[in-house]
Amino acid sequence: MPPDDERDYEVGYGKPPPHTRFAKGQSGNRRGRPPGATNMKTLLTKALNELVVVTDNGGRRKLSKREAIVTQLVNRSAKADFKAIQILLGMLRDIEGDSDPQPADTTFTEADQQIIARIKARLGGTKK
């Protein structure tokens, strides 16, 4: 290897000496990814599809972890757990493909308007 003062190129971060670089047409990963290697999506899918035994209404049954998680999330949302409600609504929005919620159609029938007026009167203390 020549001394530092005889080099006609700069060696440093991202600039290795030419004799250690890959030859043209030759990859650094000759064999590539092995055929049995798994990625994160595969690992997560496999883990979520595993079965667990759940006690439900006094009986035991087998559910996938995915089903158990969703069931617990819905049950916690029903008990007014704010964080669970947020997660559940986000999942529903993703499933429905609606990232921006559209305003609801606010056309009410005559019967709906009467019910709304009764509720307002009951809550607001105002008369019809």
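This is a predicted model: local features need pLDDT of at least 70, side-chain atom pairs count only at pLDDT 80 or more; totals for chains, interfaces and linings use all residues.

User: Is Ile87 buried, partly exposed or exposed?

Analyst: The reading rests on relative accessible area: under 20% is buried, over 50% is exposed, and values in between are partly exposed. Ile87 has 41% relative accessibility and therefore counts as partly exposed.

User: Which residues form the nonpolar patch on the surface?

Analyst: Such a patch joins nonpolar side chains within 5 Å, provided that each residue has over 30% relative accessible area. Here the patch consists of Val70, Val74, Ile87, Leu89, Met91, Leu92 and Ile95, which together have about 580 Å² of accessible area. Helix 2 and helix 3 are the elements that each give two or more residues to this patch. Helix 3 supplies the largest share, namely 5 residues.

User: How should I place these elements in the protein as a whole, and what pattern does the protein follow along the sequence?

Analyst: One first counts the elements and then reads their order. The protein has 4 helices and 2 strands, and along the sequence they follow the pattern α-β-β-α-α-α.

User: What percentage of the residues is buried, and what share of the contacts joins residues 24 or more positions apart?

Analyst: Of the 128 residues in the protein, 5% are buried. Among contacts with a separation of 6 or more, residues 24 or more positions apart account for 0%. The protein exposes about 11,900 Å², and carbon and sulfur atoms supply 55% of that area.

User: How many residues does helix 2 have, and what length does it reach?

Analyst: A helix is judged by comparing its end-to-end span with the one expected at 1.5 Å a residue. Helix 2 covers residues 65-78, which is 14 residues, and reaches 20 Å from its first C-alpha to its last, close to the expected 20 Å.

User: Which residues of helix 2 are buried, and which are exposed on the other side?

Analyst: Ala68, Leu73 and Ser77 are the buried ones. They are on the same side of helix 2, because they cover an arc of only 165° around the axis. Gln72 and Ala78, on the other side of helix 2, are exposed.

User: What do the buried residues of helix 2 pack against?

Analyst: Their partners are strand 1 (51-56), strand 2 (59-64) and helix 3 (82-96).

User: How many salt bridges does a search of the whole structure find, and what does the one between Lys65 and Glu50 tie together?

Analyst: The search pairs a side-chain nitrogen of Lys or Arg with a carboxyl oxygen of Asp or Glu within 4 Å. It finds 4 salt bridges. In one of them, the closest N and O atoms of Lys65 and Glu50 are 2.8 Å apart. Lys65 lies in helix 2 and Glu50 in the loop between helix 1 (40-48) and strand 1, so this pair ties together parts that are 15 residues apart in sequence. Lys65 is partly exposed at 30% relative accessibility, and Glu50 is partly exposed at 38%.

User: What are the N to O distances for Arg61 with Asp56 and for Lys15 with Glu10?

Analyst: The side chains of Arg61 and Asp56 meet at 3.2 Å. Arg61 is partly exposed, with a relative accessible area of 42%, and Asp56 is partly exposed with 34%. Lys15 and Glu10 form a salt bridge at 3.9 Å. Lys15 is partly exposed at 38%, whereas Glu10 is exposed at 57%.

User: Finally, which residues does Ser64 touch, not counting those up to four places away in sequence?

Analyst: A contact is read as heavy atoms within 4.5 Å. Ser64, a residue of strand 2, touches Leu48, Asn49, Glu50 and Leu51. Ser64 has 10% relative accessibility and so counts as buried. Glu50, one of the residues it touches, is also the salt-bridge partner of Lys65.

Terms used. Residues are numbered from 1 along each chain as its sequence is written. Side-chain values use heavy atoms; hydrogens and water are left out. The expected span of a helix is 1.5 Å times one less than its number of residues. Buried means under 20% relative accessible area, exposed over 50%, partly exposed in between (1.4 Å probe, protein chains only). The arc is that of the directions from the helix axis to the C-beta atoms. Accessible areas come from the Shrake-Rupley method with a 1.4 Å probe; for residues, only the protein chains shown count as cover. Patches are made of residues with over 30% relative accessible area and no salt bridge: like charges are joined within 9 Å, nonpolar side chains (Val, Leu, Ile, Met, Phe, Trp, Tyr) within 5 Å.
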